[in-house]
Amino acid sequence: MTKWMNINGKRVVFEEGETILEVATKAGIYIPTLCARPDLPSIGACRLCIVDVEGSRTYPNSCTLPAREGMVVRTATPDLQKVRRNIFQLILAEHPSYCLVCKEQNECAKLRHGEYKAGRVIGCYTCSHKELCEIRKISDYLRIKEIRYPILYKNLPLERDDPFLVRDYNLCILCARCIRACQDVLGYSAIALTKRGHDTKVGTILEVSHLESGCVFCGHCIDVCPTGALIARGSTWFGSPDKSVETTCLLCSHGCQMVVDVKWDKVVNVHPPYEMSARREYCVKGRFCIPALLNGRNRLEYPTIKRKVLREEHYPVSWDEAIKYTAEELKKFKPEEIGFLVSPFLTDEAIFLFNKLAKEISSNNVVYDEEGLNDLITRRIKVLFSTYNSELIAKIDSLEFLVVQDIYQHPNYEKANVILPTTAFTEEDGTKTGEEFMKNVIKKIVEPPGIALPSWSIICKVAQAMGFKGYIYESLDELQDTIAESDSLEVPLIPKQSFEYMGTPISEKVNEFDLFLNAKRIINESKGKGMQDVKI
Amino acid sequence: MSKFKLLKKEECVPNLHKFVVSVPDIARKVEPGQFVLIMVDEKSERIPFTLADWDEKDGTITFFVQEVGLSTTKMAFMEEKDSFYSIVGPLGEPAYVDNFGTVVLGGGCFGLGAIYSVAKKLKDLGNNIITILEAKNESRLYYEDEFRAFSDEVIFVTSDGSKGEKGHIYDVLEEMIVSQGRKIDHIKVIGCNVMMSKVSDVTKSLGNIPTYATVSTIMVDGTGMCGCCRLTYDGKTKFACVDGPEFDAHKINWDELIGIRNTSYIREESLSLQNFSPQCRSLAKILAKMNEEESI
Amino acid sequence: MKTKERMQILRSEMPCQPPEVRGKNFREVPYGYTEEMAIQEAQRCLNCKKPKCVEGCPVRVPIPEFITLIQEGKLFEAAKKIKEKNVLPAVCGRVCPQEVQCEELCIRGKKGEPVAIGHLERFVADYERLSGYISSPVTVKKNSKKIAIVGSGPSGLTTAGDLIKLGYEVTVFEAFHIGGGVLVYGIPEFRLPKSVVEYEIQNLENQGVKFVYDNVVGRIRTIDDLLSHDSFDAVYIGVGAGLPVFMNIPGENLKGVYSSNEYLTRSNLMKAYLFPDYDTPLVLGKNVVVVGGGNVAMDSARTALRLGADNVYIVYRRSREQMPARAEEIHHAEEEGIQFNLLSNPVEILGDEFGRINKVKCQRYKLGEPDKSGRARPIPIEGEYFELETDLIIISIGNNANPLITMTTSDLEVNKWGNIVTDEMGRTSKPFVYAGGDIVTGAATVISAMGAGRRAASAIHEDLFPEKDEEVDFITVPKEKLKIKEIAISPESPRLKIILSNVSDKPLDQVKVTITHVHDFFENALLETTISRWTPEEEHEFSCPRMQENEKEYLLSVKDINGKLFSKIIVVEEENK
């Protein structure tokens, strides 16, 4: 049976168990709040979501009050707003919010753009969260023009000794969203409210570092924080992104959906989609490592061929030259002498094409991991087309010709005859089969570095140059149709507990991940456990 | 090479750090108002800092660093015993000093510290010194005792009125000159360019009281080679690194300096901060704690 | 081989990165000669009785001799031959304008192409460098005279290289944190890899030249200080022409207007092209206008292209023939797609409301009668203007003398442009002060600065030691001979103990071991001892007093009869109490 209630003179429908805040939000009626969030249990901490309920002597919190049949509620009466303003001003008095009411705001914005991107936040003009700040939004809604209480700067030290996170609790308004996300939703309890009374603050129990507190660095606390108190070190200071695109994370077979923020054509941040339904546990790799992993130094930008001038070195060449050279060399060998080491990180399309090409030259030597590569070594292959950085490839004695395709340069490629630059998973379109045969979509979100090409397009070019027909695809769609039509493709899964991307160790490109792993190893060793216990 | 050792570092007020570094050559030669160019490590930018103090005997120099971007954050992460990759100086022309009579010194942010050496020198020359220290909030004022030792009068001014007068240096100046009718012979200001330009406007309108400002510009080489720090002064192009950094404030084209020359790299600043991953100090702490436990 | 056969060989062109690829990376453009190509090219040389080419070379490299050695396959000897006259062959082979120097006078050029002298010089220098062997001169007897060289650019390095061979104690003062002057801040990586410069400086260090970085002479110490306080016997000023010239047109201080000095210094010295791995940023233009027609303009234009510009325009007042840039650079720039707007010059830079440039207004020019420099004078055409859309302008119309040194030195005569006045040997108006390179001549080439450095070195030697010294021999020595086995502080007395071992397979002669405090600039040695013969695997213990408790850093330097073996900073950590 449908139930009805009345908000601001509007009849709205609700379901049993819903709070007034939920009902109002669904009906498009705004009630300000700093502590409630659809994906967290409500506790009524900020008291900004108070409403006027007919027949009630006080103003109850709408986030905790369940809706009842026939209830009459008002959300913004003059008296209510007055009380709200007062409550809000008390919050502001303990938050460095002088800029909110500063009369020189406009002039300041004009003159100070770009300054102060560091350290503790001492006003909105030094806050990285300014453009996303929920306090500012509510301040606008309540039309705050002055703060009647003296502003107290707590003068707490900036907590930036941990990897990935910077915490400035001078900004914290004690809404406890982070604690609820950590304790109630994810069950880690890495953080809690510590101390009492005026000294109450968010922190770890016993004030140990987050590395020791059981924090897994999933970053949920950052995602729910309404202020700039919690920030991700690498992804801050970009302001609002130029675009945000939902795609699939390809760092393991789990296939988490993630939102990639792009600014100035660079991946600058990765976070979960806002809605609760899509929310699942993120790992430290996906949440914090992707921008630095993909934007790192030494990305391969152009093809190179090994030549001897004074000594043997890799010299930059054009794609045409690199492909022509590769194809000509490949043709000189017998099918069984040619091997393919195909990275499981590649898209389904690329893997399909590698198999197709191998079949075409009648080589059975397509392998997906080091075990398979060992197998090829015993078969004494003479040519290897590798898309995966492995120490083994530098050690194959029988090898006469080595083609590698990667996103990064590695010392193992010293011997390679041709090095081809390819795209990372944010730089190409495609599909990737994950766990439970889930077909995940990946999207081209940013331009690849230099003249790097997607793997599928490289393999098509090589096949064509070798003289094979049927490698001309008008578009990726056409290729995908062909795959759908063909026999079911067996696709290797990306290892779940992996510390790398296409053979590039994440810790090599992301210094903080290295620190994180080191710390976890040391802590585990001290408890007599090994690295296998480090969950990422 | 560990030539430039950091001997002492403290955070005086939020984001503002005092550095004492061993550079005997510079300590021997520097004059008030000169600056040094610093590279934290071999990949760093070169950034200028006006010296606040020095000690020829110990061979040390003192300067203040406000955390505003990548290089200054790197500096904030330094610990005592660490070393700088490169410190070049003393650069620039010394401040213009003389026995002027009554001198007002105005400092804001990093300028509070930077004006200190000039204050000492002017006191030695027999001036009557009035120091005005400005900050957004009480929690950002520092160096009070040091200035009291060399000033005949110290005035505080905060934007939110949490300590001393409410307002800005130029408000206080205006009140001193207009309402109280005090005679001021010379004014020097160091701080952000916006504050200095406003002081310049006020003192110009109040009868062209001689006002000198130490400008902050982006620099690369600091020897007049690149022209990055150029500004228009009295209709001509001047270089802050060799012609300044102190200039007659009334002749500077402030609009150009504030709005144009100094805001070129906003995007790049954000990108370089993305790549910055400092040494994780909690790891070091964990290790230290474990060693301690082991030794017990 | 007969002359007729030699005449039939065609010039070997040096293979290069294809333009569409190199326009997007900072790797060196030419790959270099292979050994076969070099020998073939060398065989084109007719070994003239009166070689004209040498006359074209400002440092008089014995060109026919070194080319003959290449023909014979004696490549190390060829390198040694060049180094008799040129301390920076790998640099000169890359940046000299050979087409107006040695190669212009080559007899083969009269009918067809001249011998590729520059390419060959580059080849032998690279061959020697990449082989891992270095030739360094036998240490001559020290003559107890100290020379200060101000600036570590090409002329300073040449002077230092010449003087160290004559037994002087040479100290080079450099304002930047690394040495090389214009070779590191001015010339981009794709034209002169910085590893080449680094190697050459290391070479000089191995020979005993001392480099003092982060030291702005004129500020931290003046020329007068160097002569009196620091008791140098002579000072050579080779500071270059480091004062950018601007056009003095409206809009020049808008956001997006760079001097080429700034643009190239950021990119080359501060490695902004590797941003954000390196911290120094550079504005990346999409439509870039470079004003000027010299090598620096070409370098700026090609750097901008490599940093991702869609369009790069050169705006130059005269026509192509008058461009002062090296022919090869103009050719490379053109191949890469740099667009030339000749016979035009900017008259105004226009910006938007945020002070960022968006357009540049240029006036068209025509050529008139030749001026004093012999080049046709450009004359503006009344009323003919055009506009270019742009977001980055690099002004590259030359450099004046930087006044920092001349301002702070007493009795130093300068001309009306601020250049130091010298005689043809580099003697200034001030006794025992010499100068050369761009600070004397105004902006010129690397090799002419090297020529000036070489002349000044001989003038210094003549003035300090009026009689002639004998020539210095070169020998080839491998690296890495000694290793530190142990460092300790003795607990009873505060002494530092270091044990060194000979890890080479040959005995070392006349090994001099010195320990000083790192911070003691004038190196009052705490220990100075010589071991006349040190056999392989033999260990020696050295011990010295520690002057102050808190002094923890020591410089250990070891030289043998062939020059410097290594120097290392040792940090002594206090033992836990």
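Modeller: The place of B:Pro90 is in strand E7 of chain B, which covers residues 86-91. Strands and helices here are DSSP runs, numbered from the N terminus (E, at least two residues, for a strand; H or I, at least four, for a helix). The model is predicted: local features need pLDDT of at least 70 and side-chain atom pairs count only at pLDDT 80 or more, while totals for chains, interfaces and linings use all residues. Residues are numbered from 1 along each chain as its sequence is written, and chains are lettered from A and ligands numbered from 1 in the order in which they are written.

From B:Gly89 to B:Pro90 the peptide bond is cis, and its omega is near -10 degrees. Most residues other than glycine have a negative phi, and most peptide bonds are trans. C:Pro276 belongs to the loop between helix H13 (260-269) and strand E8 (287-291) of chain C.

A:Asn8, a residue other than glycine, has a positive phi near 50 degrees and sits in the loop between strand E1 (3-7) and strand E2 (10-14) of chain A. A:Asn8 counts as partly exposed because 16 C-beta neighbours lie inside 10 Å. The scale is this: 20 or more other C-beta atoms within 10 Å make a residue buried, 12 or fewer make it exposed, and partly exposed is in between, with C-beta atoms placed from the backbone. C:Leu343, likewise not glycine, has a positive phi near 50 degrees, and its place is the loop between strand E10 (339-341) and strand E11 (344-351) of chain C. C:Leu343 is buried, with 22 other C-beta atoms within 10 Å.

Strand E9 of chain B, residues 128-135, is mostly covered, with six of its eight residues buried. Strand E8 (residues 102-108) of chain B is joined to E9(B) by seven bridges, and the two run parallel; B:Gly106 has B:Ile132 of E9(B) as its bridge partner. E9(B) also pairs in the parallel sense with strand E10 (residues 153-158) of chain B, over six bridges, and there B:Ala135 is partnered by B:Thr158 of E10(B).

E12(C) and E13(C) form a hairpin with five residues between them, and in the turn C:Gly374 has a positive phi of about 90 degrees.

In chain A, three strands in the order E9-E10-E11 form an open sheet with antiparallel pairing. Strands E9 (243-248) and E11 (266-271) of chain A are its edges, each pairing on one side only. E9(A) is joined by six bridges to strand E10 (residues 257-263) of chain A, antiparallel to it, and A:Glu246 has A:Val259 in E10(A) as its bridge partner. Helix H8 (residues 284-294) of chain A packs on this sheet and touches E10 and E11 of chain A.

Here contact means that the C-beta atoms of two residues, placed from the backbone, lie within 7 Å. Between chains, 38 residues of chain A are in contact with 33 residues of chain B. On the side of chain A that touches chain B, the elements giving two or more residues are E11, H8 and helix H15 (511-526) of chain A. H15(A) provides the largest share of that side, eight residues.

Helix H12 of chain A, residues 455-465, is largely enclosed by the rest of the structure, because nine of its 11 residues are buried. Among them are A:Trp456, A:Ile458, A:Ile459 and A:Val462. The cover over the buried residues of H12(A) includes helices H9 (319-331), H10 (348-360) and H13 (476-485), together with strands E17 (401-406) and E18 (418-421), of chain A. Just after H12(A), A:Gly467 takes a positive phi of about 100 degrees.

Note on methods:
Two strands pair if DSSP finds at least two bridges between them. Axes are lines fitted to C-alpha atoms, for helices over the stretch in contact, and angles run from 0 to 180 degrees between N-to-C directions.
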